[in-house]
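Here is a quick walk through a two-chain model, written for someone who likes cut-offs stated along with the values. Have a look at the structure first, then read on.

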Amino acid sequence: MKTLKNACKRLTACIVALSVVFGLGGCYDRRELNTLSIVFGTAIDKADKKGETTITFQIADVGGEGKSEKGSPKGSGQMSTQYLNISNTGKNANNIIRDMDHILSREVYIAHNQVIVIGEDLAREGVRDSLDFFARSPEGRLNVYIFVARGKGSDILETEPKLEKMPSDDLVRTLMVQKRTSEAPIITEFDLIKGLISKTTCSIVPIVYIKEIEDKENVCVEGCAVFKDGKMIAELDKKETRGVLWIRNEVKNGAFLVDVEGTKATVEIREARSKVKPEIRDDGKIVLKIQVNAMVGLGDQYGKFNLSDPTNIPEGLKMTERAIRKEIRNAFNKVKAINADVIGFGDCLRQRYPKKWEQVKDHWDETFKDIEAEITVKIKADGNGRIDTPLHPSQG
Amino acid sequence: MFGFLYKKAKALFSKKGTDSKQEDFSQKQTPVSRTLADNIKTIREEMLLSCDVISREITIGKERSTRAAIIFIDGMADKKIINDNVLKPLMNISGFPISPGSTDRKTGIIKVIEQSVLAISNIAEVQNINEAISELLTGNTVLFVDGDDTALAISAKGFEKRSVDEPPSEAVIRGPRECFIEDIKTNTSLIRRKIKNQELRVETMTIGQRTRTVVSIAYISGVANAGLVETVKNRLKAISTDSILESGYIEQFIEDSPASIFSTIGYTEKPDVAAAKILEGRVAILVDGTPFVLTAPMLFAEYFQSAEDYYFRPYYATLLRIVRIIAAMTTILAPAIYVSVTTFHQELLPTGLLITMASAREGIPFPAFVECLIMIVTFEILREAGIRLPRTVGQALSIVGALVIGESAVAAGLIGAPMVIFVAITAVSSFVVPNLIEPIAVLRFIVLILGSMFGGYGITIAMLGALVHMASLNSFGFPYLSPTAPFDPGDSKDAIVRAPLWMMIKRPKSVGAADKKRRDKVVPPPTGENDGGEDENA
């Protein structure tokens with residue numbers, strides 16, 4: 001009988017504990033997969049009316065029964081994705097999205113959103129307010145890729161994808177592939193937010209535009225937009241972008257065209273690492289020491305001068321070093337010209353020389369203009385490919 | 001309110017306790033009469049004139065001076081033995097020396113018969129009728145001699161029994177193929193043949209007032225914890241029931257936590273497994289009439305051990321154990337995770353998979369939970385049917401089952417394709433740990449229901465609850481989760497990892513063996529080099 005009493009006591013305790021446990025549990029928000037509009041891409045544009053924005057969602061049309069046009073068998077669960085772009089205009093982002101419930105049969109679900117494309121007009125006007133919702137909502141992720149579109153962002157999401165099934169997917173994959181060129185930054189929402197709340201650091205965001213090739217529209221990701229104070233202030237072309245990426249230690253691969261003794265050679269960056277160190281000279285001037293270490297390989301060469309020949313390699317390396325240094329120098333000058341600290345140099349200085357930072361922080365913009373750069377580039381040769389002579393008859 | 005419930009329950013239980021009539025058959029004592037006819041009559045009446053009670057009256061010796069009778073139950077006695085070793089010597093004996101009326105116990109007729117006439121190895125003297133009847137019921141033959149108040153219980157049992165076969169529920173690739181059978185004598189001999197040690201002790205008792213089932217416990221007295229043996233014996237003695245038909249009855253009467261979904265007593269039908277458990281210091285409980293032998297105490301880790309683990313190389317055995325643990329987790333969690341992820345945590349799915357799943361769920365009329373429930377219940381039905389149905393219609397079932405669970409259900413739009421995969425994985429995984437099927441099936445439903453109501457939070461709570469519950473269990477005083485909790489590094493080499501046998505010097509502490517060591521020191525197997533050297537010298 002004693003055990004029974006104990007058992008009853010325990011049961012009571014269990015029931016009380018469980019009722020508390022489940023009563024306090026606050027995630028009672030179950031929803032079936034087929035009640036969701038799964039958003040894959042977002043475009044934010046400035047609307048015609050002043051102070052209003054247009055948000056376009058790209059929603060996966062998961063191809064219900066009878067709807068699949070591309071002939072995939074019913075319910076087989078194969079990817080037969082089509083998409084649907086739906087736009088709504090209003091004042092605040094959250095409001096606009098809520099209002100979509102009036103026109104959509106399924107609730108908007110942004111956890112799988114992959115890209116946010118910001119239209120140029122809105123970017124120039126400022127993105128801080130428009131991104132508030134996306135940063136705040138716990139549903140959306142912070143690893144969403146951000147783009148700035150030349151023209152309207154919604155047009156990018158309308159472009160027929162080439163290989164992928166959805167334009168937003170196409171965009172993300174293009175961004176990932178072009179990493180090999182290091183000519184556009186890869187920026188997530190989190191990176192952009194970090195830039196937006198920093199006092200000194202300016203953000204860069206890759207630019208996407210529609211490039212017409214033989215009357216076909218293609219999305220093209222290259223170059224970047226510079227955001228200062230939440231507004232887009234300038235564009236960098238792809239060479240300048242790579243120059244900036246060198247300084248930011250974000251170059252991993254890429255190719256250069258180098259002219260050595262009349263021979264044009266493509267030099268591939270195989271591996272790269274860069275270090276940025278602020279230093280204060282005796283006269284109080286701030287110097288940015290940029291050191292780049294890279295491994296390069298020979299991609300191809302047009303001309304007779306054999307760059308694979310060990311005696312000629314130093315010459316080739318020298319020219320490559322010069323090209324890289326020039327690229328960085330150009331980018332640095334450009335950044336100074338538009339007065340945008342896209343390198344995060346201010347934060348770097350604050351961490352390293354807090355006292356100096358206290359002196360300059362109030363007039364950082366002017367200080368930034370006066371900063372000088374010391375660029376050191378050290379590269380090593382890393383292979384010339386399968387052949388070690390150009391395809392010319394040897395000189396004898 | 002709970003107090004009220006408690007009182008009700010108490011009243012209910014106590015009523016049951018007093019209602020059951022405690023008839024003790026051995027209490028009525030009718031002494032054996034000196035008159036043969038009386039004895040036969042009494043026995044026949046006590047046995048309610050059952051037709052299968054056979055009595056055969058004879059006269060002893062060629063002189064035909066003394067009358068006698070044997071009584072046995074048809075089908076339970078070996079007639080050949082009775083004919084050759086009992087009837088023939090009795091009838092053929094010549095010059096029967098003793099006068100029939102002698103009352104001297106030592107030189108009495110019954111003593112002479114017992115000592116020099118019957119060619120039977122196992123004979124017991126019986127003084128009263130009830131004893132005689134219980135001997136009869138166990139299959140022995142009783143011999144009454146006219147004029148003597150002692151009867152002889154002659155052990156000449158012979159009933160139909162199965163031969164030692166392959167274990168149907170614990171098939172092995174490597175290892176002994178023999179299996180316990182329903183006859184307890186054969187079973188004890190199977191264990192004894194594995195452990196030829198005089199310390200292996202088999203103790204026998206009878207449980208069940210009506211079935212009078214023979215139950216034996218087997219242990220090595222120097223190895224098993226004395227307290228454990230005492231506990232097992234006491235619990236067995238305390239059983240008050242009229243019938244024991246299978247070891248499952250015993251299990252439910254003596255287990256520590258009858259309310260738990262987990263079993264705290266292990267069972268096996270392989271003699272090598274039983275022997276291994278006994279050698280680890282456990283106690284085996286053998287029940288007449290079933291090939292399933294209980295072993296106690298049973299720890300949770302034993303679910304994941306298999307006899308083959310010790311016959312294979314340790315690396316593979318360890319891998320297999322990890323696989324078993326993964327399979328057990330899969331079969332508990334897979335349906336719940338599927339439902340909770342698709343209804344609560346869609347963000348956890350890779351984007352590509354989400355589209356696939358969403359398009360598979362398109363047009364399915366039920367919520368994922370109901371969909372899952374349908375499939376799991378269907379599977380349980382098929383499984384149950386597969387066990388019960390006659391072999392001949394098995395093929396029909398497997399075809400229907402494959403169609404129902406597979407293609408057709410999807411094509412009919414009843415369930416989505418991913419669900420089929422999840423249920424299939426769940427089903428297949430559940431067979432990896434066969435002894436765990438019972439608790440797992442229950443746990444799976446609990447986890448599924450909580451998971452579908454509260455998502456990952458519910459699953460966590462359910463699993464946490466199960467863990468807390470398991471941690472609170474003990475089997476004959478030994479913590480259920482040992483050697484993991486409480487952690488014991490020594491025992492851990494036979495929990496998830498199976499260390500090489502030569503490294504396992506000590507018996508598991510978690511079952512409290514009295515003799516802690518299997519041997520004194522680590523003796524690694526001789527290396528090839530040493531062997532070669534010795535060969536050359538020789």
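## Notes on the model

Glu214(A) is exposed, at a relative accessible area of 76%; here exposed means over 50% relative accessible area, buried means under 20%, and partly exposed is in between (1.4 Å probe, protein chains only). This is a predicted model, in which local features need pLDDT of at least 70, side-chain atom pairs count only at pLDDT 80 or more, and totals for chains, interfaces and linings use all residues. Residues are numbered from 1 along each chain as its sequence is written, chains are lettered from A and ligands numbered from 1 in the order in which they are written, and side-chain values use heavy atoms, with hydrogens and water left out.

Back to Glu214(A): its phi is near 50°, a positive value in a residue other than glycine. You'll find Glu214(A) in the loop between β7 and β8 of chain A. Helices (H or I, at least four residues) and strands (E, at least two) are DSSP runs, numbered from the N terminus.

Leu49(B), not a glycine either, has a positive phi near 55°. Leu49(B) sits in the loop between α2 (36–46) and β1 (53–60) of chain B, and its relative accessible area of 59% makes it exposed.

Chain A splits into domain 1 (32–236) and domain 2 (239–396), with bounds that come from an automatic or database domain assignment. Their C-alpha centres are 33 Å apart. The contact (heavy atoms within 4.5 Å) takes 22 residues from domain 1 of chain A and 24 residues from domain 2 of chain A.

How much area do domain 1 of chain A and domain 2 of chain A bury between them? About 1600 Å², with 59% of it on carbon and sulfur atoms. Buried area is the accessible area (1.4 Å probe) that two parts lose on being put together, summed over both. On the domain 1 side of chain A, Ser182(A), Thr200(A) and Leu236(A) supply 35% of the area buried against domain 2 of chain A, more than any other three residues.

Lys228(A) and Asp365(A) form a salt bridge, and their closest N and O atoms are 3.3 Å apart.

For polar contacts between domain 1 of chain A and domain 2 of chain A, the count is 11 residue pairs (both at pLDDT 80 or more). A polar contact is a pair of N or O atoms within 3.5 Å; within protein, one must be able to donate a hydrogen and the other to accept it, and residues adjacent in sequence count only if both atoms are side-chain atoms.

Which strands show up here? β7 (203–213), β8 (216–228) and β9 (231–236) of chain A each supply at least two residues of the side of domain 1 of chain A that touches domain 2 of chain A. By class, that side has 10 nonpolar, seven polar and five charged residues. Ala, Val, Leu, Ile, Met, Phe, Trp, Tyr, Cys and Pro count as nonpolar, Asp, Glu, Lys and Arg as charged, and the others, Gly among them, as polar.

Ser168(A) is in helix α6 (residues 167–177) of chain A and is buried, with a relative accessible area of 1%. Not counting residues up to four places away in sequence, Ser168(A) touches Phe40(A), Gly41(A), Gln58(A), Val115(A) and Leu157(A).

Val20(A) belongs to helix α1 (residues 2–24) of chain A and is partly exposed, at 43% relative accessible area.

Gly281(B), in the loop between α9 (271–279) and β9 (283–287) of chain B, is buried at 0% relative accessibility. Its contacts beyond four places in sequence include Val223(B), Leu228(B) and Val511(B).

Each of these residues also comes with a partner for comparing sequence and space:

| Pair | Apart in sequence | C-alpha to C-alpha |
|---|---|---|
| Ser168(A) and Val267(A) | 99 residues | 32 Å |
| Val20(A) and Pro185(A) | 165 residues | 49 Å |
| Gly281(B) and Glu308(B) | 27 residues | 20 Å |

The assignment for chain B gives domain 1 (25–154), domain 2 (184–298) and domain 3 (314–472). The C-alpha centres of domain 1 of chain B and domain 2 of chain B are 34 Å apart.

The peptide bond from Ser482(B) to Pro483(B) is cis, with omega near 5°, and Pro483(B) lies in the loop between β12 (478–479) and α17 (528–537) of chain B. Ala485(B) and Pro486(B) are also joined by a cis peptide bond, with omega about 5°; Pro486(B) is in the loop between β12 and α17 of chain B.

Conventions: A salt bridge is a side-chain nitrogen of Lys or Arg within 4 Å of a carboxyl oxygen of Asp or Glu.
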